[in-house]
Each structure stands twice: as C-alpha cells, then as structure tokens.
Amino acid sequence: MTVLELIRALAHDAPVGVVVTDAAVELPGPTIIYANPAFALLVGRDLDDIVGRSPRFMQGKETRRAALDTFRRALVSGERFHGYLTNYRGDGTKYRAEIDCRPLRNAEGRIEHFVSFEREVLRRIGRPARNAGGRYDPATASNDLLTGALCNLALFEHV
Ligand SMILES: Cc1cc2nc3c(=O)[nH]c(=O)nc-3n(C[C@H](O)[C@H](O)[C@H](O)COP(=O)(O)O)c2cc1C
C-alpha cells in the first residue's frame with residue numbers, strides 16, 4: 001500500500017479537510033493530487049474542480065502575502081507549516097483556515113508529497129485562549145476519534 005492509498009483510506013470519511021499535493025513548490029506547482037470530501041465542503045467546490053489545480057486558487061484580496069511567504073519558506077525547507085490564512089470559497093465567501101501542512105518523505109528522505117490538514121476557524125471573541133490556538137476556535141467542534149488523534153499528534157491545537 002502506498003502512502004497515498006493509506007491517506008485516501010484514512011481521510012475519506014474524516015471530518016477535517018485533507019489535501020495532498022505533489023512536491024513541486026514552484027509555479028505552476030504544487031498540484032493537488034488528492035482531496036477528501038471534507039476539503040471539498042470547506043472550500044465550496046466539487047472535487048473534480050480541485051484535483052489537478054494548485055492550492056493557490058483559494059487565495060484572494062485578503063490573503064496575507066506575509067503568511068504565504070512563511071508557508072512557502074516552510075515548503076522549500078521541508079518543514080511543517082502550521083498557520084492561519086484567509087481563503088475564499090467557490091462562491092466568493094471568505095473564511096479563515098487553520099492549516100497544518102507537512103512533507104511526506106520517501107525512504108531516502110526525499111520529499112514526495114505534501115499533506116495538509118485544514119479546517120475553518122472563527123476569531124475568538126474576547127481574550128485569546130491560553131493554549132496555542134490563541135485567537136481562533138474551530139468553526140465546528142468535532143469529538144470524533146480521528147480529530148482527537150490529530151490533536152494528540154499536535155496537528156490541531158484543540159478539538
Ligand atoms: C498540501 C498543500 C496545501 C495547501 N493549502 C493551501 C490552502 O488551503 N490555502 C492557501 O492559500 N494556500 C495553500 N497552499 C500554499 C500554496 O500552494 C503556495 O505554496 C503558497 O501560496 C506559497 O507559495 P507562493 O509564494 O509561490 O504562492 C498549500 C500548499 C500545499 C503544499
């Protein structure tokens with residue numbers, strides 16, 4: 001079983017968005033090679049309209065260049081990116097995405113893919129939380145096993 005097949009099997013019914021790209025960081029890459037139904041729901045597009053494109057299609061006027069530069073640097077240096085971006089759905093509405101993106105390396109250590117876990121977050125009213133989630137809360141709380149496991153792996157800051 002390849003890593004991609006494993007991700008497909010695990011992510012299909014997952015309530016968090018999961019998207020896998022190839023390893024090409026430079027334009028026109030990275031190219032999306034897999035997205036799960038929760039990702040299609042998050043970005044408000046059909047899966048057919050997602051696979052084969054670059055994740056840049058979700059960006060717009062209020063997507064901060066500084067955040068994208070940080071994202072890009074992480075991809076180039078093969079490090080994890082965990083951050084928040086303003087993105088846009090197919091119908092043009094904007095949302096705040098929590099993104100946890102990591103490289104997938106082969107046995108020789110070469111990056112073959114990137115995988116990203118994504119969900120919508122809402123700006124917290126009042127004081128930032130003490131935990132690392134800070135100013136954001138997940139838009140929908142889920143207490144399923146996978147999200148719990150992802151939190152235990154510190155993929156997301158809280159359920
Ligand atoms: C797996 C993966 C998922 C990504 N998901 C998003 C996303 O949801 N929203 C977004 O704006 N950019 C996303 N990106 C980042 C863009 O593809 C791109 O790398 C970013 O804009 C920085 O590169 P650039 O400076 O060449 O634009 C993702 C990248 C990867 C590898």
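**Labels and their grounds**

Guide: P28 has its place in the loop between strand 1 and strand 2 (32–35). Keep in mind that this is a predicted model.

Visitor: What makes the bond that joins L27 and P28 stand out?
Guide: The peptide bond there is cis, with omega about 5 degrees.

Visitor: Which peptide bond has omega near -10 degrees?
Guide: The one from G29 to P30, and it is cis. P30 lies in the loop between strand 1 and strand 2.

Visitor: How do you know that Q59 is among the residues that surround the ligand?
Guide: A residue counts as near a molecule if one of its heavy atoms lies within 4 Å of it. In total 19 residues surround the ligand, and the closest are Q59, R65, R72, N87 and E118.

Visitor: What is the distance for R72, and what is it for N87?
Guide: For R72, a polar side-chain atom lies 2.9 Å from an oxygen atom of the ligand. For N87, an N or O atom in the side chain is 2.6 Å from a nitrogen atom of the ligand.

Visitor: How much of the ligand's accessible area does the protein cover?
Guide: The ligand has 620 Å² on its own, and the protein covers 97% of that.

Visitor: Which elements give two or more residues to the shell around the ligand?
Guide: They are strand 1 (17–22), helix 3 (65–76), strand 3 (81–88), strand 4 (94–105) and strand 5 (111–123). Helix 3 gives the largest share, five residues.

Visitor: What classes of residue are in that shell?
Guide: There are 11 nonpolar, four polar and four charged residues.

Visitor: Which space does the ligand take?
Guide: The largest pocket. About 460 Å³ of space lies in it.

Visitor: What makes a residue part of the lining of the largest pocket?
Guide: A lining residue has an atom within 4 Å of a grid point of the pocket. The largest pocket has 25 such residues, and P30, R56, Q59, F71 and L75 lie nearest its centre. By class, the lining has 15 nonpolar, five polar and five charged residues.

How values were computed
Residues are numbered from 1 along each chain as its sequence is written. This is a predicted model: local features need pLDDT of at least 70, side-chain atom pairs count only at pLDDT 80 or more; totals for chains, interfaces and linings use all residues. Side-chain values use heavy atoms; hydrogens and water are left out. A polar contact is a pair of N or O atoms within 3.5 Å; within protein, one must be able to donate a hydrogen and the other to accept it, and residues adjacent in sequence count only if both atoms are side-chain atoms. Accessible areas come from the Shrake-Rupley method with a 1.4 Å probe; for residues, only the protein chains shown count as cover. On a 1 Å grid over the protein atoms alone, a cavity is a set of points where a 1.4 Å probe fits but cannot get out, and a pocket is an open set with protein on both sides within 12 Å along at least five of seven lines; lining residues have an atom within 4 Å of a point. A molecule sits in a cavity or pocket if more than half of its atoms lie within 2 Å of its grid points. Helices (H or I, at least four residues) and strands (E, at least two) are DSSP runs, numbered from the N terminus. Ala, Val, Leu, Ile, Met, Phe, Trp, Tyr, Cys and Pro count as nonpolar, Asp, Glu, Lys and Arg as charged, and the others, Gly among them, as polar. Grid points are joined across faces, edges and corners, and a volume is the space filled by probe spheres set on the points.
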